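Hi everyone, thanks for making time today. Let me put the structure on the screen, and then we can walk through it together.

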Amino acid sequence: MNTYARLPVHFASGKGATLYTAEGDAYLDALSGIAVCNLGHAHPEVADALCHQSQRLIHTSNLYEIDQQTALAEQLLEQAQMQKAFFCNSGAEANETAIKLARKYGHDRNIDSPKIIVMENAFHGRTMAALSATGNPKAQAGFGPMLEGFVRVPFDDAEAVAAHAQDPDVVAVLVEPIQGEGGVRLPRNGYLTQLRALCDQNDWLLMVDEIQTGMGRTGQWFAHQHDGIRPDVMTLAKALANGVPIGACLAGDKAADVLELGNHGTTFGGNPLACAAGLAVVKTLRFYDYPKKIAEHGQTLLSAFQSQLADLDGVVEVRGRGYMIGIELDRPCGELVQQALEKHLLINVTQGNTVRLLPPFVLGTEQSQTLIDTVSQLIRDFLSRKA
Ligand SMILES: Cc1ncc(COP(=O)(O)O)c(C=O)c1O
């Protein structure tokens with residue numbers, strides 16, 4: 001269907017942070033398949049795990065015990081300090097799980113029409129409940145009616161959330177620790193801590209969507225850990241298996257036992273193949289201590305972009321955390337994607353005016369310099385042409 005505006009390039013293979021066309025032309029990937037291939041392309045540990053697992057068992061269904069799923073759940077729950085996991089196949093599905101869990105949490109408390117507080121500018125996926133939670137009228141246009149049961153407030157405004165404390169139907173808050181599709185928007189320090197306190201005071205669930213920010217991307221295993229808080233529900237997908245489709249909804253404390261036998265399910269979710277890839281990802285992140293490395297390297301990358309660009313007329317802000325960087329301009333700049341492609345560099349523009357960089361963790365020192373130089377030059381040229 002005509003759902004994608006694709007760029008005119010076909011990739012045949014990849015290695016680390018580089019993608020190759022069938023003709024052997026190399027492109028530097030500063031997007032990682034939209035925060036998915038965090039360990040780079042053709043990562044040997046992931047490739048070996050997939051090879052090994054596919055020769056033994058790909059799928060049996062959730063009618064039977066799945067050792068790889070149990071092992072992956074244990075490892076993620078240990079990193080997150082949470083108690084239960086449900087596996088599915090995508091980010092949208094992980095959020096559907098969280099939304100169903102929150103509604104059930106309400107019904108268990110005799111709330112017939114539970115409401116979830118969601119944010120302006122949020123992105124949670126394209127299925128109907130996830131789309132209803134998404135704060136982007138353009139993504140919703142043409143697909144009404146949206147699901148009921150969502151209350152929208154401005155992002156990074158804890159008082160706006162607190163204003164709903166008297167509403168007896170509210171059961172949960174769903175929030176991205178950093179809004180990704182929304183333009184790499186970081187909330188002020190303390191925002192998540194305030195949301196945690198509000199959820200505790202009102203017996204609401206704090207549900208964090210870490211689908212883009214999780215698995216080391218921001219310099220912690222999960223971005224909410226920068227704030228030292230623990231959510232009740234966390235959704236993951238994207239980088240969890242470095243490109244093999246998978247999603248997960250983790251739950252802790254008062255959310256852990258809300259979904260019961262027969263409440264939810266999926267055919268493919270958590271199958272041996274996807275979970276074997278997930279285990280290889282977790283093992284690799286731990287072995288190389290990637291979250292810590294990305295915190296350091298990300299700071300260096302961000303500082304380099306700030307020193308090259310922050311004072312330029314037309315640059316509103318250079319911001320980010322870890323390997324999640326946004327460069328906001330004061331004008332639409334979608335054309336930069338094509339201009340970067342011509343320089344054999346893959347970048348993204350989100351919200352029309354924000355260059356988004358999500359490089360893989362395996363980015364080498366020279367590649368990092370190429371990224372800084374090329375993006376800075378493209379932006380300088382673009383701004384001087386459009387002055
Ligand atoms: C924060 C967030 N949530 C949910 C999703 C949806 O994930 P998926 O495309 O796997 O359904 C995305 C995808 O970009 C995302 O960034």
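Let's start with the second largest pocket, which holds about 780 Å³ of space. A pocket here is an open set of points on a 1 Å grid over the protein atoms alone, where a 1.4 Å probe fits, with protein on both sides within 12 Å along at least five of seven lines. Its volume is the space filled by probe spheres set on the points, which are joined across faces, edges and corners.

Keep in mind that this is a predicted model: local features need pLDDT of at least 70, side-chain atom pairs count only at pLDDT 80 or more, and totals for chains, interfaces and linings use all residues. Residues are numbered from 1 along each chain as its sequence is written, and side-chain values use heavy atoms, without hydrogens or water.

At least two lining residues come from each of α3 (67-80), β4 (84-88), α4 (91-108) and β10 (247-251). Those labels are DSSP runs numbered from the N terminus, with helices being H or I of at least four residues and strands E of at least two. The lining divides into 14 nonpolar, 11 polar and 3 charged residues. Nonpolar covers Ala, Val, Leu, Ile, Met, Phe, Trp, Tyr, Cys and Pro, charged covers Asp, Glu, Lys and Arg, and the others, Gly among them, are polar.

Now for helix packing. Two packed helices are described by the angle between their axes and the distance between the axes. The axes are lines fitted to C-alpha atoms over the stretch in contact, and angles run from 0 to 180 degrees between N-to-C directions.

Helix α2 (residues 44-54) packs on helix α9 (residues 272-287) at about 150°, with the axes 9 Å apart. The two are therefore roughly antiparallel, a word used for angles over 145 degrees, while under 35 is roughly parallel, 65 to 115 roughly perpendicular and the rest oblique. Contact means heavy atoms within 4.5 Å; the α2 side includes Val 46 and Leu 50, and the α9 side includes Leu 273 and Ala 277. By class, this contact has 9 nonpolar, 3 polar and 2 charged residues.

With α10 (residues 290-309), the axes come within 10 Å and cross at roughly 30°, so α10 and α12 are roughly parallel. Among the residues that meet are Leu 301 and Phe 305 in α10, and Leu 371 and Ile 379 in α12. That contact has 8 nonpolar, 3 polar and 2 charged residues.

With α11 (residues 335-342), α12 (residues 365-385) has its axis within 11 Å, at a crossing of roughly 130°. That makes α11 oblique to α12. Here Glu 335, Leu 336, Gln 339 and Ala 340 in α11 meet Leu 378, Ile 379, Phe 382 and Arg 385 in α12.

Finally, two backbone details. The peptide bond from Gly 144 to Pro 145 is cis, with omega near 0°, and Pro 145 sits in the loop between α6 (137-140) and β6 (150-153). Ser 32, though not a glycine, has a positive phi of about 55°, and its place is in helix α1 (residues 32-35).

Methods:
On a 1 Å grid over the protein atoms alone, a cavity is a set of points where a 1.4 Å probe fits but cannot get out, and a pocket is an open set with protein on both sides within 12 Å along at least five of seven lines; lining residues have an atom within 4 Å of a point.
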